[in-house]
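Take a look at the protein below.

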Amino acid sequence: MKLSHPHILVEGKVKYHIGEMKGQEVHYDFERILQYLDAKGKLMFGKHFKIYEKDREIIRKLCHYVIRDYDNCKKHGLDLHKGILLSGPVGCGKTSLMRLLKHIVPHQRPYQVIPCRNVVFGFNHIGYKVIQDYGNSQFFCFDDLGVEPLGRHYGKDCNVIGEILLSRYELFVKHKLKTHATTNLNAQELEVQYGNRVRSRMRALFNLVAFEKTSKDKRK
C-alpha cells in the first residue's frame with residue numbers, strides 16, 4: 001500500500017504528524033511516535049492504557065526496527081531481515097506493543113497477531129491443514145510462544161507450533177519472509193518446549209528483544 005503522506009496518521013478527526021517528509025524519506029520523531037502510540041493504545045485497549053517511562057528504551061528499539069532505521073538497528077544488533085522475538089514477564093505489555101507497532105507504518109505489509117493456543121485448538125479440530133495454512137506467504141506474529149498445549153488430532157500428538165516454526169524457517173531461507181513472536185520463556189525453556197533443532201532455527205528467524213525481568217505486570 002502506497003501512501004502519499006506516511007508521516008501523517010489519522011485517528012478519527014485527529015491527525016498525528018509522527019515525522020517530516022524530506023524528499024522520498026520520512027524522518028521520524030520518536031516523541032511524536034510515542035504520542036501516537038499512547039493515543040492509539042487507548043483506542044484499542046481502553047483508557048487505562050499508558051506508555052510507561054521504564055519501557056521507553058525498549059519501545060525506541062522496536063520503533064527503530066519497525067521504521068527500518070538501519071543505522072540505529074545496526075547499533076542495537078538488530079537484523080532488519082529477521083523478525084522480532086519479544087520476550088518478557090507475564091503482563092509486561094508484549095502483545096499490546098506488537099499489536100500497536102504495525103500501525104506506525106501503514107504503508108508496510110502488516111502482520112497478523114495470532115495466539116499460539118488458538119493455532120493448536122485449530123489443529124485439534126482440523127488437523128495438519130492448520131500447519132500448512134501458517135506455512136504460507138503471510139506475515140504472522142505468534143503470541144505467547146511456548147506455553148501452548150501439545151496438539152492432538154485423531155489420537156496423534158503433535159508439537160504444532162514447533163512444526164510451524166520449521167515451515168516458517170524454510171520460508172525465511174527461500175523468500176526472506178518474516179515471522180514475529182512474543183514469549184514469557186527464556187532460551188533454555190524454549191529449547192525444552194521445541195527441541196534443539198527448532199531452537200537453532202529460531203536463532204536464524206528472530207532478533208531477540210527483551211523486557212527487564214523486573215518489568216511489572218501492567219494488568220494488575
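Two axes count as roughly perpendicular when the angle between them is 65 to 115 degrees. Keep that range in mind. The model here is a predicted one.

Now look at helix H5 (residues 116–126) and helix H7 (residues 160–175). Their axes come within 9 Å and cross at roughly 100°. H5 and H7 are therefore roughly perpendicular to each other. On the H5 side, the contact is made by Cys-116, Val-119, Val-120 and Phe-123. H7 brings Val-160, Ile-161 and Ile-164. What kinds of residues make up the contact of H5 with H7? Seven are nonpolar, none is polar and none is charged.

Strands of a sheet pair through backbone hydrogen bonds, and the pairing is either parallel or antiparallel.

Strand S5 (residues 83–87) and strand S10 (residues 179–183) pair in the parallel sense over three bridges. Leu-86 stands opposite Thr-182 in S10.

## A hairpin

Strands S3 and S4 show the antiparallel case. Four bridges join strand S3 (residues 19–22) to strand S4 (residues 25–28). Met-21 stands opposite Val-26 in S4. S3 and S4 form a hairpin, with two residues between them. Gly-23 sits in the turn and has a positive phi of about 70°.

Most residues other than glycine have a negative phi. Two residues here go the other way. Arg-68 is not a glycine, yet its phi is positive, at about 60°. Arg-68 lies in the loop between helix H2 (56–66) and helix H3 (70–75). Its relative accessible area is 43%, so Arg-68 is partly exposed.

Lys-176 is the other case. Its phi is near 55°, a positive value in a residue other than glycine. Lys-176 is in the loop between H7 and S10.

## Aromatic pairs

A pair of aromatic rings is described by the distance of the centres and the angle of the planes. The model has six aromatic pairs. One of them joins Phe-45 and Phe-49, with 5.7 Å from centre to centre. Their planes are 40° apart, and the pair is tilted. Both Phe-45 and Phe-49 are buried.

Phe-123 and Tyr-128 form an edge-to-face pair. The centres are 5.0 Å apart, with 85° between the planes. Are the two partners buried or partly exposed? Phe-123 has a relative accessible area of 0%, so this residue is buried. Tyr-128 is partly exposed, because its relative accessible area is 37%. Elsewhere, ring pairs link Tyr-134, Phe-140 and Phe-142 into a cluster.

## Two residues up close

Start with Asp-144. Where is this residue placed? Asp-144 is in the loop between strand S7 (140–143) and strand S8 (151–153). At 31% relative accessibility, Asp-144 counts as partly exposed. Not counting residues up to four places away in sequence, Asp-144 touches Cys-116, Thr-182 and Asn-184. Glu-189 is 45 residues from Asp-144 along the chain, and their C-alpha atoms are separated by 13 Å.

Now turn to His-153, which is found in strand S8. Its relative accessibility is 13%, so His-153 counts as buried. Leaving out residues up to four places away in sequence, which residues does His-153 touch? They are Phe-123, Asn-124, His-125, Ile-126 and Gly-127. Phe-123 is also the ring partner of Tyr-128.

Methods:
Residues numbered from 1 in each chain as written. Predicted model: local features only at pLDDT ≥ 70, side-chain atom pairs only at ≥ 80, totals over all residues. Heavy atoms only, no water. Buried < 20%, exposed > 50% of the residue type's maximum accessible area, 1.4 Å probe, protein only. Contact = heavy atoms within 4.5 Å. Pairing = 2+ DSSP bridges. Axes fitted to C-alpha atoms, helices over the stretch in contact; angles between N-to-C directions. Parallel < 35°, antiparallel > 145°, perpendicular 65-115°, else oblique. Nonpolar A, V, L, I, M, F, W, Y, C, P; charged D, E, K, R; others polar. Phe/Tyr/Trp six-rings, centres within 6.5 Å; stacked < 30°, edge-to-face > 60°.
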